[in-house]
Each structure stands twice: as structure tokens, then as C-alpha cells.
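Dear colleague,

I am passing on the structure below, and I would be grateful if you could look through it alongside the notes that follow.

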Amino acid sequence: MLIVAALTLALYWPLMLWVNAGAAQRSLDSGAELGCATAIACATQLRNPVLPAPAQLVRSLRTMSVPPLAVTSVPYNTLVTAGETLVGLLIATVLGILLAVALVTSRAFERVTLPWLIASQTVPVIALAPMLAVVLGQYGVQGWLPKALIAAYIAFFPVAVGVAAGLRSPDPMQEDLLTTYRASGWQTFWKLRLPASLPFLFTSLKVAATAALIGSIVAEISTISFSGLGKMLAENSRASDTLALWVIMLYGAGLGIALVAALGLIERLVTPWRAGQPR
Amino acid sequence: MASRAATLATDRTGRRPGPGGLVLALGLALLLAAVWNVWSFPLDAVPPGRKALSLALIVLGLGAGVSGLAALARRMTGVLPALLAALLALVAVEGLLRAYGVPPGLIPTPTRVATALYRSRVVLLGDARVTFVQEALLGYLAGVGAGIVVALAAVRFPFLERGALPYAGLFASIPIVALAPVIVKAFGLEWPSKAIIVAITVFFPVVVNVVRGLQGANPLLLDLMRTYAVTPAAAFRLVRVPSALPFLFNALKIGSTLALIGAIVGEFFGTTGQGLGFRIQIEAGRFNLDIVWAAIVIASVLGLAFYGAISWLEARFTGWHASRRHSR
């Protein structure tokens with residue numbers, strides 16, 4: 001794993017020079033004052049590089065995350081987005097499990113709703129977000145809650161589909177065994193189906209966590225918001241500040257990785273019988 | 001065994017036919033009456049008496065419709081129950097929006113959306129072609145292809161699996177929206193930048209799931225192959241590929257819904273003036289919500305068709321799997 005990381009880092013420098021040299025040559029040809037002589041030398045100094053030079057990246061990382069809890073700094077906004085995502089994920093988990101149970105227990109319910117649950121996922125949330133904000137605002141719901149709801153809206157579907165598949169996953173032999181034990185439907189559900197669905201739950205929760213993160217960032221872009229990674233992305237995208245976009249992307253990536261890692265940790269605690277298996 | 005369960009099920013439900021269809025028709029008629037009752041009034045001038053009557057009709061109609069549909073759906077398969085549910089919901093929403101006089105700048109009524117869908121069909125279909133065929137579909141195919149190749153390589157070469165796969169898991173948890181502006185800035189405003197976003201979105205779930213599926217093959221079966229002296233290639237085809245298929249299709253389904261969202265979100269960070277995401281953003285800014293909803297309807301229909309196609313393939317290739325045994 002470390003060898004691959006070292007290899008990637010070693011390849012990054014020439015790749016960056018190669019990608020940026022063209023843009024640097026163009027701005028040199030246009031006669032801009034860059035303070036450097038050749039295209040290769042300028043490749044590390046561009047104001048809007050395609051790939052930023054490591055020194056540039058480190059410099060903007062430092063300027064954008066010090067002091068960490070200021071309203072304009074990236075760590076603070078990452079925390080805001082993380083909070084919205086976690087609340088959204090919680091709502092989505094509860095909703096997803098309830099839906100999965102309803103889908104598995106009632107075929108009529110599944111036939112009526114499943115196509116529309118799927119359809120609801122392809123509705124681009126960014127279009128719904130401003131309307132949701134206005135409608136919720138009329139009922140006094142403002143600030144971070146609309147973002148959490150939009151995050152939950154994207155994230156409930158993977159949970160519902162995954163848990164439904166998990167609830168249906170027990171081996172027929174095991175079901176037959178419980179039938180011979182004269183177990184009731186409730187007992188079969190509690191002792192066989194629910195444990196069998198746990199690995200599926202965690203697999204889909206990891207997907208749902210990233211989906212919820214996407215949801216809260218998208219919601220921040222498209223509703224009125226004063227903090228969060230999405231608001232910073234939208235601002236810096238409009239200002240074409242590529243370096244800032246890279247820094248925000250790194251923070252977003254870090255947040256996503258942290259969320260999934262935390263879920264992996266919980267998975268090990270809750271389903272220890274799978275801990276030894278390769279994942 | 002499965003066929004025995006199926007005959008049992010038809011016996012159980014076949015014994016009580018129930019008047020579900022009649023109740024459903026009654027509910028629908030009540031809802032239509034509710035809409036007709038307030039149809040001729042402008043949205044801001046519905047008399048209170050008419051409004052109360054419509055609301056009562058909607059409550060009654062929904063009650064009858066839902067109970068009729070529930071009775072009906074126990075015996076019906078396919079998409080018909082879902083379509084009937086949508087019809088009920090649409091008529092009820094039309095009635096509610098008209099009775100309450102909700103302004104079309106907040107939520108337009110279904111009939112307005114249908115009109116907008118018909119009037120601007122040429123523009124919207126052009127947008128759909130760009131967003132779906134060029135950005136989502138091409139990106140999806142590229143992402144899935146690359147994902148399968150990388151997964152096979154990772155299973156074949158343990159060095160790659162130990163060295164590169166942890167990163168696949170890490171990258172899979174990066175939010176695409178954070179990636180989208182950087183990629184659009186790097187690859188330009190044309191459709192390829194969005195296809196790249198989609199490909200990256202789809203790539204990681206496919207890699208992670210396929211590797212997991214290939215390695216999750218039952219060790220007993222692999223040992224059995226060894227005792228039969230089956231060549232490694234044949235063992236791979238007979239045991240590992242089938243065990244990976246359910247995981248692959250799971251990733252394909254997740255990817256199909258993410259692909260459209262990825263393409264549409266990518267368009268928010270810059271386009272050349274075409275695409276469903278671009279249309280939604282620009283018309284939402286003008287409070288032209290009829291067209292926004294029409295674009296949403298088209299995106300949903302395309303997404304549904306996409307998902308349906310993959311589900312059909314899944315049912316054909318993995319019908320034997322335990323998780324699909326009951327659903328037929």
C-alpha cells in the first residue's frame with residue numbers, strides 16, 4: 001500500500017509539470033508578467049493550475065485552515081457539513097429500515113411503491129432543494145435542518161434497497177429449520193432475518209454516508225446558506241479560484257473517508273462474526 | 001420448491017376476489033369530482049364553500065382509492081399497481097393545489113407541468129440526449145468497464161489488491177460534488193467533463209463490489225473444483241464469476257442512479273448551454289417551475305428506464321440467488 005502511494009506521489013510531479021506547461025506557455029505567449037522565464041518554471045506558479053504544485057497546495061491549505069474555527073476557514077465549514085450529513089444519515093437509516101421491513105412484509109406495498117422509490121432517486125435534488133427550503137421555511141424550519149432532510153432524501157434509498165435484500169438473504173435451509181422449530185413469523189424475523197441483514201445494512205450505510213454527504217453539499221449549493229463546504233465550493237467556483245477548490249475537495253474527501261471509516265469501525269463492533277473475513 | 005410456494009400463494013389470494021377494482025374506481029371518481037369542483041376558478045379566488053367540498057371529496061376519494069388499490073395489488077403484478085397509485089396521487093395533488101390556490105411559482109399543478117412538457121418537448125428532448133446519452137450513458141459504460149478490468153487485475157495480482165484496493169475504498173467515499181468543479185475546470189465545459197465525473201462516480205462502487213464478490217466465493221466450492229482437477233480458468237468462470245454477479249449488479253444499480261445525479265450536478269458547474277441540469281438551474285432561477293418539473297419528469301423517466309433495464313438483466317443472470325428467490 002505504501003509503495004503504491006510513493007509511486008503515485010513520484011509520478012505526480014512530472015504529470016503536474018506536463019499538464020500545466022501548456023497553460024503556462026499560453027500565458028507566457030500572451031505576454032503576462034509571471035516572474036518566470038520558461039514554461040516549465042512557470043508551471044508551478046500558475047494562479048489557476050489544472051493540477052496544483054505541491055508547494056502551492058500546502059500554502060493554500062495552510063492559509064485556508066488557520067485559524068481552524070473562524071467562519072471563513074475550511075475546517076469550521078467541514079464541521080458544519082459533517083453535522084448536517086450525520087443528522088441526515090440518521091434520518092435516512094431509520095426511514096430506510098422501516099421501508100425495507102414494509103417492502104419485505106407486504107407484496108402489495110412493494111408493487112405499489114417500489115417503482116416510485118426508484119424514481120424518487122433520479123429526481124435531481126438540486127432542483128427540489130430551493131423549493132424544499134421555501135416550503136419548509138414557511139413552517140419555520142430553517143438553517144441546517146433542510147440540508148439534513150435533503151441529505152436523508154438521497155441516502156434513504158441505498159439503505160432501503162440493501163436492507164430489503166438482506167432481509168431476504170437467509171438460506172432457505174435456515175428458514176425451514178426455524179419452521180420445524182415452530183418459530184413464529186416474528187421470531188423468524190428477529191432471530192434470522194434481522195441478523196442476516198446486518199452485513200447488508202453496513203455495506204449500504206457506507207454508500208448512504210457518501211450519498212448523504214453529496215446531498216448536504218448539493219443542498220448548501222442550491223439553498224441560501226452561510227456556511228458549509230457546498231457554499232464555499234459555489235463561491236470559489238464562481239470566482240474560478242482553482243487552488244481553493246482543490247483544498248475544499250481535499251477536505252470533502254477527508255470528511256467522506258472519515259465517515260466511512262467510522263461506519264467500518266461500528267460494523268466491526270456490531271457484526272463481529274464477519275470481522276475475520278476479507279472485505 | 002419455488003413453484004410450490006407460488007401455487008400456494010395464488011390459492012391463498014385466489015380464494016377471496018374482493019371488490020378492489022370497484023372501490024378504486026369509486027375513489028378515482030371522487031377525486032375527479034374534487035378537481036372538477038374547483039376547476040373553473042382562478043387560483044386566488046376559490047370560494048370557501050367549494051374549497052371545503054373539494055377537500056372532503058379528496059379525503060374520501062383517497063381513502064377509497066388506497067384501500068381499493070391495496071386489495072387489488074395483492075393479486076396484480078407488474079407496473080400497473082404503481083401506475084394506478086401515481087394516477088391517484090396526481091389527481092389528488094391537482095385537486096389540493098387548486099383548492100388551496102397554491103401559486104404555480106411555488107408548486108405548479110400536474111396539468112401545468114404536462115402542458116409545459118408538451119410545449120417544450122423539442123428543447124427538453126435535446127437536453128435529455130446530451131445529459132443521458134452522452135454524459136450519463138457513455139460515462140457509465142466507461143466507468144463500469146474500467147471498474148471490472150481493475151477488479152479482475154486486483155484479484156489476479158495480490159500486489160495490486162493489497163497496494164491499490166484500499167485507495168479504491170477511500171476514493172469511493174469522496175463526494176462527487178466536491179470533485180465536480182475541479183474536473184469541469186480541468187476538462188472544459190463540453191460534455192466529456194461530465195462523462196468523466198460520471199465514470200469516476202461509477203468506477204469505485206464497481207471495483208469494490210466486484211472484488212468483494214470474486215473473493216466471497218464459497219471456499220468449499222473452490223476446494224471441490226480443485227479435487228476435480230479443474231483448470232484455474234474454468235474454476236474462475238464456474239465459481240468466482242457467478243458469486244460476483246449479485247455484487248456486480250448491486251453496484252450497477254447504485255451506479256445507474258448515481259450516474260444521472262452526477263451528470264446533472266456536473267452541469268451546475270458549467271455547460272455549453274444544453275442539458276437537463278442546465279435547464280433546471282436556469283429555469284428555476286426564473287421561477288419558471290413548470291419547465292423545471294417537466295425536466296425533472298424526463299430525468300426521472302430516463303432514470304427509471306435505466307434502472308429497469310439493469311434489473312431485467314439482473315433477473316436474467318442471477319435469478320438463482322437467495323435474495324431474489326421470492327421476488328418473481
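**Around helix 10 of chain B**

At the start of helix 10 of chain B (residues 219-227), a side-chain oxygen of B:Asn218 comes to within 3.0 Å of the backbone nitrogen of B:Leu220. Helices here (H or I, at least four residues) and strands (E, at least two) are DSSP runs, numbered from the N terminus. Just after helix 10 of chain B, B:Ala229 adopts a positive phi of about 60°.

Before going further, please note that this is a predicted model, in which local features need pLDDT of at least 70 and side-chain atom pairs count only at pLDDT 80 or more, while totals for chains, interfaces and linings use all residues. Residues are numbered from 1 along each chain as its sequence is written, chains are lettered from A and ligands numbered from 1 in the order in which they are written, and side-chain values use heavy atoms, with hydrogens and water left out.

**Chain B as a whole**

Chain B contains 13 helices and zero strands. Its radius of gyration, taken over C-alpha atoms, is 25 Å, well over the 20 Å that the globule rule gives for 328 residues, so chain B is more spread out than a compact globule (the rule being 2.2 Å times the number of residues to the power 0.38). Along its principal axes, the C-alpha trace of chain B spans about 80 × 60 × 30 Å. The domain assignment of chain B gives domain 1 (15-102) and domain 2 (119-326), with bounds that come from an automatic or database assignment, and the C-alpha centres of these two domains lie 38 Å apart.

Over all chains, the structure holds nine salt bridges.

**Where chain B meets chain A**

Taking contact as heavy atoms within 4.5 Å, 58 residues of chain B touch 54 residues of chain A. The two chains bury about 5100 Å² between them, 77% of it on carbon and sulfur atoms, where buried area is the accessible area (1.4 Å probe) that two parts lose on being put together, summed over both. In chain B, the residues that lose the most area to chain A are B:Val182, B:Lys185 and B:Arg212, together 11% of what that side buries. Between chain B and chain A the count of salt bridges is zero.

With best wishes

How values were computed. Salt bridge = Lys/Arg side-chain N within 4 Å of Asp/Glu carboxyl O. Polar contact = N/O pair within 3.5 Å; in protein donor to acceptor, adjacent residues only side chain to side chain.
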